[in-house]
Structure formats: C-alpha cells, structure tokens
Amino acid sequence: MRVGVHINRFDHPGGPAALGPELAAAGAAAEAAGVSWMSVMDHYFQMEFNGGAEDAMLESYTTLGFLAAHTSTVRLGTLVTGVTYRHPGLLAKIATTLDVLSGGRATLGIGAAWYDREHAGLGVPFPALAERFERLEETLRICLQMWDPRANGPFEGKHYRLAETLCVPAPVSFPRPEIMVGGSGEKKTLRLVAQYADACNLFASTPQEIGHKLDVLRGHCETVGRDYADIRKTMVHSGDPRSGAELDAFTREMADYAKLGIETVILGPRVDEPAEWIENGVAPLVGRLAALD
C-alpha cells in the first residue's frame, strides 16, 4: 500500500506570505518520505467543517502548478474538482498543462460538486444533482476526446457543445493523464468510474463498507466490459497517528483495507503547517504500509 497526502488548509500562522515557502517545504518533505501522491482541495471557499468560508482557500490548479515546480516524482491532483467549476474544454486544457509541466504527473480528479454556498457566493451556476451528473459524464467524454490526438472535431452533448477539441501540446502522460472520479455513490458515481476512470477515491469508513463499494464497482465493470483490475483503488483517511502505539494500530487497520485491494491511502488531517506533519506523522508510515500485501 502506498501513502498520499492531502493538503486542505491554508491558514498558516505566518500569513499568506508564508504559504509559498510552506508548500515548497511540504513538497520536499513528501518526496523525502517516499509519498506517492499529493493533492489539494478544489473549492472557491473553505468548507464549513474545516473552518468555514472565511478561512483561507487557494485556487487548486495554480497551487498544483507551484507544487509541480518544487517536486519531481510525486503524482499531483485535486480531491476533487467539481464539474461545475470550469468549462470542460478549459478543464482539459488546465489538466494538460499541469501534466506537461510536471513531466507526466497529473491526475484529473473530478466529481459532481456539492458545495452550494461557494457557487452562490461567486455567482457560479449550481444546477440540480441529476444535471450535475449529466454534466460530469459529458465532461469525462470531452476530456477523453481532447486527449485523443485522432479525435479532434466537434462534440455535441446535451449541456456542452464544442466546435473543436484541439489540445496542443498533447499531454506527456501516455496514453493520457490519469482520471480519478471521487465519490462512492453506487448507482451513478461508481458506474462512471467503471466506464471512464482510471482510479476511484472513497472515504475510509469500515473495511466492510469499503468492501461493499468495491463489489458494486466490480459489478459495474462487468456490465460495461471493463477489467476491474485496471482501476486504481484509493481512499481518504483523516487519521493522524504519531506515537508508536498509534502507528501500530493504524498499520493493522490499513492491512484490512489492503486485503480488499486499496492501493493508496491518502491522509488528510486538518493542519496549517503540512511540512512538519509530513516529516513527523507521514514519513514513519510509508515503509510500514509498503510492506502490506
């Protein structure tokens, strides 16, 4: 099992001027620790359970571009971009740019969006849930078309219409950037994973619940003719073990998820100084979890 880190707070005690150096240090700490993944939230406003809209929130893809310049091996992505945040053609271009400038390390993390306050606050349309899922599927199709050098041409959907799907330069990743669909909805989200994505992202609950979600995903893969083994299984965990006993307990917990096929656990405690957290809280876990079957 591999370890990822998720940076979700930007209220550094040194203020906004300290954020650049802190993120650069976090990138260096992650690579020194052997972390395989770094992500940031894609939101306009900070979430209510994480301090609220008045707390700091950086624009995600600018932040990932900064991290790309200060790292060389770790995979970079969002957990996750709401489909309503950017027009799909622009989103594909943004993700491609991150992939090119990072040397092929970009993942497009995407979901159906949910935070209505930030949409209302900045005047961004927030359609009903059913329409957001329709837009999510069209966005996935548009990205795949834009990343296929043989498929330039119009796209005609219910919600989006593109006259051309040019994407130059092409991504560095082959055959294209990884697509991760976040969420655990059994009827729609996991079906979209099976049909379009390279990775899923679930929230850690219990091994029994995660096992059930993966069984649902396996069923969708059978329905659409997809090899279940081709999909990278990841999950987010909010744990922050520090002591020897906590590390032992956490490792035993992760062993149960590893047996289910979870390949990457992404740790996302709510901390304002992630570099120190990675050095002291994450680094000791990397070797332990790598040894899990």
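An axis here is a line fitted to C-alpha atoms, for helices over the stretch in contact. Keep that in mind. One more thing before we start: this is a predicted model.

Let's take α1 and α2. Their axes come within 9 Å and cross at roughly 55 degrees. Angles from 65 to 115 degrees would count as roughly perpendicular, and those under 35 as roughly parallel. So α1 is oblique to α2. The crossing is right-handed.

Which residues meet there? From α1, Gly 20, Leu 23 and Ala 24. From α2, Thr 63, Phe 66 and Leu 67. By class, that contact has four nonpolar residues, two polar ones and no charged ones.

Now α1 by itself. The helix covers residues 19–33, which is 15 residues.

What is buried in α1? The list is Leu 19, Glu 22, Leu 23, Ala 24, Ala 26, Gly 27, Ala 29, Ala 30 and Ala 33. These buried residues pack against α2, and also against β1, β2 and α9. Just after the helix comes Gly 34, with a positive phi of about 85 degrees.

Last stop: Gln 145. Where is it? In helix α5, residues 129–146. Is Gln 145 buried or exposed? Its relative accessibility is 17%, and buried means under 20%, so Gln 145 counts as buried. What does Gln 145 touch, leaving out residues up to four places away in sequence? Ala 151, Gly 153, Pro 154, Phe 155 and Thr 165.

Conventions
Residues are numbered from 1 along each chain as its sequence is written. This is a predicted model: local features need pLDDT of at least 70, side-chain atom pairs count only at pLDDT 80 or more; totals for chains, interfaces and linings use all residues. Side-chain values use heavy atoms; hydrogens and water are left out. Helices (H or I, at least four residues) and strands (E, at least two) are DSSP runs, numbered from the N terminus. Buried means under 20% relative accessible area, exposed over 50%, partly exposed in between (1.4 Å probe, protein chains only). Contact means heavy atoms within 4.5 Å. The expected span of a helix is 1.5 Å times one less than its number of residues. Axes are lines fitted to C-alpha atoms, for helices over the stretch in contact, and angles run from 0 to 180 degrees between N-to-C directions. Angles under 35 degrees count as roughly parallel, over 145 as roughly antiparallel, 65 to 115 as roughly perpendicular and the rest as oblique. A crossing is left-handed if the near helix is turned anticlockwise from the far one by less than a right angle, and right-handed if clockwise. Ala, Val, Leu, Ile, Met, Phe, Trp, Tyr, Cys and Pro count as nonpolar, Asp, Glu, Lys and Arg as charged, and the others, Gly among them, as polar.
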